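Subject: The two-chain model, handed over

Hi,

Here is the structure I promised to pass on to you. Have a look at it first, and then read on for what turned up.

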Amino acid sequence: MNLGTQTSDPVIEVTDLKTVFHTQDGTVYAVNGLSFQLQPGELLGVVGESGCGKSVTMMSLLKLLPMPPAEIVSGKVLFQGNDLLHTDEEALRKVRGGQIGFIFQDPMTSLNPVFTIGFQIMEPLREHLGLDNNAARARAIELLELVGIPSAGDRLRDFPHQFSGGMRQRVVIAIALACDPKLLIADEPTTALDVTVQAQILEIVRELRQKLGMAIIWITHDLGVVAGIADRVAVMYGGFIVEYAQVSTLFEAPKHPYTIALLETLPGINKDGEHRLMSISGQAPNLVNKPQSCPFAPRCKYAFDRCLGENPMLELRSNDHKVACWWDVEKNEAIDNG
Amino acid sequence: MAEAENKNILVEVEDLRMHFPIYKGILRRQVGAVKAVDGLTFDIRRGETLGLVGESGCGKSTTGRAILRLYNPTAGKIKFEGSNIADLNRSDLRKMRPRMQMIFQDPQASLNPRMTVGSIVSEPLDEHGVVSGKQKKARVSELLDAVGLDPSFINRYPHEFSGGQRQRIGIARALALDPEFIVCDEPIAALDVSIQAQVVNLLEDLQGKLGLTYLFISHDLSMVRHIADRVAVMYLGKVMELASVDQLFKNPKHPYTKALLSAVPVPDPKIEAKRERIILKGDVPNPANPPSGCVFSTRCPVAEKKCFDLSPQWRDLGGDRYVACHLADR
């Protein structure tokens with residue numbers, strides 16, 4: 001599973017992760033055998049439409065899903081030598097918010113409205129790093145300054161509702177960074193924000209990456225955001241990674257029909273509006289059925305009989321570029337691999 | 001605007017104001033007002049799509065609703081084909097209603113879960129007593145067909161449909177009375193990327209077929225660039241700039257438009273790497289207490305002294321473009 005040129009130890013290594021939900025309508029196959037890894041300092045963008053399993057994957061890594069109905073059927077999540085899926089709850093609590101930081105989509109729901117911002121930033125500092133009140137306070141001010149909140153010292157006593165949306169998301173980022181995490185998982189962190197505020201947050205993340213050098217998993221449905229900040233991109237569909245490549249490769253020479261279609265549907269702010277928008281016909285797949293064929297086949301214009309009978313696995317197609325498809329879009333012929 | 005061009009104008013908005021009062025205390029005395037829309041002047045031409053963009057809370061949706069008289073505007077005129085509807089009484093307004101319709105953002109919230117698709121789409125026909133009996137059924141089938149839904153779905157309920165299909169139901173309902181003007185309030189914001197394109201294509205097809213005029217409200221600038229003919233950029237209850245799509249995106253004049261365009265992420269890593277971004281400082285001010293002078297002055301990267309003192313006039317720059325900025329021609 002090694003990808004190309006990197007040699008250093010990955011921060012996190014996920015192998016064959018499978019998560020299902022047991023519901024009244026049957027078993028929902030949300031994540032179907034994902035494998036990926038992150039190098040120190042790398043930013044992996046995870047893109048896909050709603051219901052493709054992006055968030056469930058990241059919640060599975062830290063066992064944040066309610067179990068039952070969720071069940072992690074198989075997989076290995078190696079983080080600093082430990083398999084997180086076989087770590088007890090007590091030890092996992094030390095990792096969550098400590099070595100792995102989380103940023104969720106909606107800052108209003110991830111902050112507690114009845115506690116001050118200061119209390120909420122200092123909590124992980126006391127829990128994980130064992131700082132006393134004064135040290136935690138000093139560090140909290142430092143963190144708020146890091147994410148660009150003016151007069152940080154005075155604002156520690158404010159409650160979440162006294163901040164605007166963008167400021168709240170900065171506070172959430174400050175909390176996620178509190179214990180100097182090795183890995184930051186950000187689940188649609190700018191989706192609820194306006195574009196000008198999103199631009200501010202993206203700028204902060206760019207700066208922080210250079211300063212702190214942590215690895216980041218950035219989940220989004222916005223290909224524009226990914227183009228601006230990611231090193232590598234994983235495109236997800238129906239609970240699978242269907243394409244995995246460096247960001248420039250993915251946008252210049254996408255190889256999976258879904259990625260290609262997704263890029264074509266974008267109107268693009270730098271394109272002229274004359275042409276008709278391409279659209280992907282049909283609906284996202286229903287994950288209640290156990291995936292036995294390619295999940296994209298019913299909507300794919302290249303689909304042929306093999307796609308309906310056999311599910312393609314993620315295979316290395318060229319240097320550092322993995323695709324799960326039976327069709328070679330460049331040569332316009334079926335992949336020949338028996 | 002020259003007299004000759006007036007014939008093409010469907011909707012004319014003149015100094016439209018929509019203030020929402022704030023009440024406080026035991027006596028519920030009015031202590032102020034949220035100036036959601038504060039002096040808009042523009043027109044919408046027959047058959048065009050006017051894009052209305054801006055960030056959340058800038059008054060886009062309020063504008064759309066006020067133009068349809070879903071609110072009673074505080075001041076100003078809304079002329080629909082030359083006649084002012086801002087002060088029409090209920091019964092006269094009701095006669096105008098079939099000609100102007102609305103498509104809402106969230107199809108989940110705007111469709112009654114207890115009504116079948118057939119009754120949702122035929123409700124406007126019943127309300128305005130246009131057709132009945134067999135004709136009505138035929139009309140509903142025709143409408144469903146027009147928006148790309150199978151007419152046999154007529155007895156199904158909204159929850160049986162996906163988000164994109166639900167939005168099609170909302171569009172069919174808006175079309176039921178053969179309107180001339182439709183306000184589309186973020187019609188694609190709740191949909192996935194691959195479904196957004198389907199709905200936008202449908203809206204464009206219908207416009208071509210039926211000669212509709214759209215006010216397309218959206219925060220998605222790239223989609224507005226695709227669908228609109230002219231674009232109005234709003235900030236804190238005022239229009240900052242109005243120009244044709246080409247002019248606005250290629251050569252924006254207002255500093256806010258420039259910042260807004262530079263903040264939109266481009267799905268191309270090469271462009272993203274080289275881009276110069278204008279990062280605005282701070283947040284949108286409170287519309288209950290807007291800054292004096294130009295409303296954008298507190299965040300404007302090029303503001304001068306007069307911007308803080310003097311509210312800029314809505315100026316005609318020639319070439320069919322308008323701007324509200326003291327410094328726009330530099």
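**Where the chains meet**

Across the interface of chain A and chain B, the rule finds five residue pairs in polar contact, both residues being at pLDDT 80 or more. A polar contact is a pair of N or O atoms within 3.5 Å; within protein, one must be able to donate a hydrogen and the other to accept it, and residues adjacent in sequence count only if both atoms are side-chain atoms.

Before going further: this is a predicted model, where local features need pLDDT of at least 70 and side-chain atom pairs count only at pLDDT 80 or more, while totals for chains, interfaces and linings use all residues. Residues are numbered from 1 along each chain as its sequence is written, chains are lettered from A and ligands numbered from 1 in the order in which they are written, and side-chain values use heavy atoms, with hydrogens and water left out.

Back to the interface. On chain A, 44 residues are in contact with 40 residues of chain B (contact means heavy atoms within 4.5 Å). The size of an interface is often given as the accessible area lost when the parts come together. Here the two chains bury about 3,500 Å² between them, with 56% of it on carbon and sulfur atoms. Buried area is the accessible area (1.4 Å probe) that two parts lose on being put together, summed over both.

The rule also finds two salt bridges across the interface of chain A and chain B. A salt bridge here is a side-chain nitrogen of Lys or Arg within 4 Å of a carboxyl oxygen of Asp or Glu. Lys270(B) forms one with Glu252(A), the closest N and O atoms being 3.4 Å apart.

Which elements of chain A supply at least two residues each to the side that touches chain B? They are helix 8, helix 9, helix 10 (247–252) and helix 11 (257–265). Helices (H or I, at least four residues) and strands (E, at least two) are DSSP runs, numbered from the N terminus. Helix 8 of chain A has the largest share of that side, eight residues. By class, the side has 16 nonpolar, 18 polar and ten charged residues. Ala, Val, Leu, Ile, Met, Phe, Trp, Tyr, Cys and Pro count as nonpolar, Asp, Glu, Lys and Arg as charged, and the others, Gly among them, as polar.

Over all chains, the structure holds 34 salt bridges. In one of them, the side chains of Glu272(B) and Arg206(A) meet at 4.0 Å, N to O. Glu272(B) lies in helix 11 (residues 269–274) of chain B and Arg206(A) in helix 8 of chain A, so the pair joins two chains.

**Cavities and a pocket**

Arg206(A) and Glu272(B) turn up again in the lining of the largest cavity. On a 1 Å grid over the protein atoms alone, a cavity is a set of points where a 1.4 Å probe fits but cannot get out, and a pocket is an open set with protein on both sides within 12 Å along at least five of seven lines; lining residues have an atom within 4 Å of a point. Grid points are joined across faces, edges and corners, and a volume is the space filled by probe spheres set on the points.

There are five cavities of 30 Å³ or more, and the largest has a volume of about 70 Å³. Helix 8 of chain A gives the most to its lining, with three residues. That lining divides into five nonpolar, two polar and four charged residues.

The second largest cavity holds about 50 Å³. Its lining includes Cys294(B), Cys300(B), Cys307(B), Cys325(B) and His326(B), and has seven nonpolar, two polar and no charged residues.

Of its 25 lining residues, the closest to its centre are Arg96(A), Gly97(A), Pro124(A), His128(A) and Ile175(A). Helix 4 of chain A gives the most to this lining, with six residues.

The peptide bond from Met67(A) to Pro68(A) is cis, with omega near -15 degrees. The bond from Pro68(A) to Pro69(A) is cis too, with omega near 10 degrees. Pro68(A) sits in the loop between helix 1 (54–61) and strand 4 (70–79) of chain A.

In chain B, Arg28(B) has a phi near 50 degrees, a positive value in a residue other than glycine. You'll find Arg28(B) in the loop between strand 1 (9–24) and strand 2 (29–45).

Cheers
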